Every structure is written in C-alpha cells, then in structure tokens.
Amino acid sequence: MGLTKTIPLVIALIYICLVNGCVGARKLNSLYQPPPLALTYHKGELLEGDIPVSILWYGGFSPAQKSIVVDFLQSLNPQKVNSNSSPEKPLVSHWWNTIQTYMKKAGRRDARVVLANQVTDPNCTIGKILKKSQVSELARRVHSEPNGLTLVLTAKDVAVEGFCMSNCGFHGSNAKEKSVFIWVGNSETQCPGQCAWPFHQPIYGPQTPALGAPNGDVGVDGTIINIASLLAGAVTNPYENGYFLGSGGTGQLEVASACPGVYGKGAYPGYAGDVLVDGTTGASYNAQGVNERKYLLPALFDPVISQCSTLV
C-alpha cells in the first residue's frame with residue numbers, strides 16, 4: 001500500500017527476520033520500506049489442515065489476559081457472529097482468509113487453528129532472564145502434535161535476549177523434529193512504545209496520540225498484534241522454504257512482515273491508518289472475534305492484488 005500523504009522520512013516499525021535460525025521476527029527502529037511486488041513460494045512445507053496450537057504461559061498471566069489470547073485463536077476459524085455484534089464489521093476470520101489464499105496457490109489444504117493444550121509456568125522455573133536458545137527449550141516442554149505449533153508467551157517481567165532492543169517476537173522451527181514455535185513477550189512495562197505501538201506512543205518518529213487498546217490491556221493487545229503477524233509467517237513459511245521475499249534466512253520478508261505498521265487505509269509511517277473506533281469505550285480495532293471481542297490486526301500482503309491489504 002503506497003503512502004497517501006507526503007511526509008519526511010521517519011523511523012517506523014518494520015518486521016524483519018531474526019538471527020540464529022528464527023525467522024519472521026518483528027524488528028523495530030528500521031527505516032520504512034515499501035511492500036515487495038510478490039512473495040515467492042519456495043516449494044517447502046506449509047502448516048496445512050488442522051493445526052493444533054499449544055500455549056505455554058511463562059510467568060504471571062491473569063485469567064482475563066489468557067482469555068484475550070484464546071479468544072483470538074478461536075476467532076480465526078469461520079463462525080457465527082454474536083447477535084449483538086455488527087454483521088457489517090470485518091471479522092478475524094476474514095483477516096485469516098488471506099492465509100487461505102496462499103495455501104490454495106500452493107495446492108495445500110486450508111489452515112485451521114485448533115486450540116490444543118495449555119501449560120502454565122507461573123514461577124518461571126528457568127528464570128526471568130532468558131536467552132533465545134532457552135525459548136526453544138521452553139517450546140519443547142509442551143507436547144506438540146504432528147503439524148502442530150507451540151506458542152510461548154512470556155509475562156511482562158520476563159526479559160528475553162533481544163526483546164525490545166531488536167524484536168518483539170519470532171518464530172522458529174526444527175525441521176528434523178517437524179516442530180514449529182512462536183515466541184512473543186508482553187511489552188507492557190519493558191517497551192510499550194516499541195512492541196505495543198500503536199497503543200502507546202512510539203519512542204521514535206511522529207508522536208501521534210496512542211490508540212485505545214480494544215481489550216483495555218496495552219501489553220496483551222500489543223501481544224495480539226505480534227502473535228497475529230508471526231502466526232501468519234509461521235503457517236506460510238514454517239521452515240524457511242515457504243512463502244517469502246528475499247535471499248532466505250535473516251533476509252526474509254513474510255506475509256505480515258512485508259507490511260509493517262499498517263492497520264487501516266491511509267496508513268503511513270507513524271500513523272496506523274483509518275481504523276474503527278468503539279463508540280462506547282473509544283478503543284480502536286479493525287476486526288471482531290468470538291465473545292464480542294475486538295482486535296487490531298496487521299495488514300497482510302495479498303497475493304491476488306499484490307499489495308498490502310487491510311480489513312478496513
């Protein structure tokens with residue numbers, strides 16, 4: 001999606017890949033780049049069919065915070081909207097339809113997220129300062145079924161190597177074990193201006209007013225954005241040989257990382273775009289989910305129109 005207003009070059013959010021075999025990381029403080037012309041399919045395996053997703057809650061998460069994440073995952077699959085919701089509003093499942101387009105182009109089955117088991121480690125048994133290698137160790141703790149994915153979420157007081165300084169999360173895999181995982185940290189207290197934007201003013205760039213978090217939790221609503229981005233990348237490029245643009249490894253741009261900082265039409269660096277606003281709470285969103293949830297989801301690169309596509 002091109003810029004709609006003339007502005008000076010500014011520091012903006014951009015998703016680029018992380019080192020040491022983890023791809024699709026959300027890396028910040030890089031110069032804005034226009035979206036690529038196309039994402040190439042490199043003939044590798046994709047996560048298709050029913051995808052069992054297991055969650056490891058590492059550190060303290062309230063029941064309310066957990067429900068925000070679980071409801072998002074359950075909202076990805078097509079379902080009836082609550083009668084109190086506005087039927088004309090876009091759904092989370094509509095956002096996921098772009099992923100189905102990629103699956104069909106590759107001759108694969110639709111990707112359907114199925115919530116599997118949840119494991120909690122409130123005491124942080126291997127500490128609150130983690131290396132990247134320890135994240136994959138945490139993922140292996142959770143039984144992941146074949147073709148499954150493990151989601152490792154760390155609490156707001158857990159520091160992970162590179163968190164805030166270079167990324168907000170990443171996805172990785174072990175091709176031999178056929179295991180895929182995503183890690184995302186809660187940035188509420190560590191770096192909300194980086195990893196929870198646009199629900200907090202950015203550290204760099206235009207200091208536009210922060211948007212209202214749709215579920216009233218800046219850290220977790222920011223986490224949802226990162227989960228969504230990385231889930232899109234993990235499904236379409238789980239082993240670094242799926243859909244991506246670039247030379248591979250750390251240079252890959254994926255279906256969501258190709259569209260940094262875009263949430264609605266008219267977006268440009270520092271401005272999320274024209275999104276919907278809840279008339280009661282004043283919170284910003286662009287998708288509805290189960291249990292009357294509202295979420296703000298990132299733009300995805302649409303292979304049909306060859307540009308970043310938003311729900312609103």
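Author: A salt bridge is a side-chain nitrogen of Lys or Arg within 4 Å of a carboxyl oxygen of Asp or Glu. Side chains of opposite charge can pair when their charged atoms come close. The model shown here is predicted, and the structure holds nine salt bridges.

Reader: Which residue meets Glu188 in a salt bridge, and what is the N to O distance?

Author: The partner of Glu188 is Lys156, at 3.9 Å from N to O. Because Glu188 lies in the loop between β10 and α4 (192-195) and Lys156 in the loop between β7 and β8, the pair ties together parts 32 residues apart in sequence. Glu188 is partly exposed, with 32% relative accessibility, and Lys156 is likewise partly exposed, at 37%.

Reader: Where in the chain do Asp157 and Lys128 lie?

Author: Asp157 sits in the loop between β7 (149-154) and β8 (159-160), and Lys128 in the loop between β5 (111-121) and β6 (129-130), 29 residues apart. Their salt bridge has its closest N and O atoms 2.7 Å apart. Asp157 has a relative accessible area of 42% and is partly exposed; Lys128, at 40%, is partly exposed as well.

Reader: Is Lys104 buried or exposed?

Author: Lys104 is exposed, its relative accessible area being 53%. Lys104 forms a salt bridge with Asp110, with 2.9 Å between the closest N and O atoms. Asp110 counts as partly exposed, at 36% relative accessibility.

How values were computed:
Residues numbered from 1 in each chain as written. Predicted model: local features only at pLDDT ≥ 70, side-chain atom pairs only at ≥ 80, totals over all residues. Heavy atoms only, no water. Buried < 20%, exposed > 50% of the residue type's maximum accessible area, 1.4 Å probe, protein only. Helix = DSSP H or I, 4+ residues; strand = E, 2+ residues; numbered from the N terminus.
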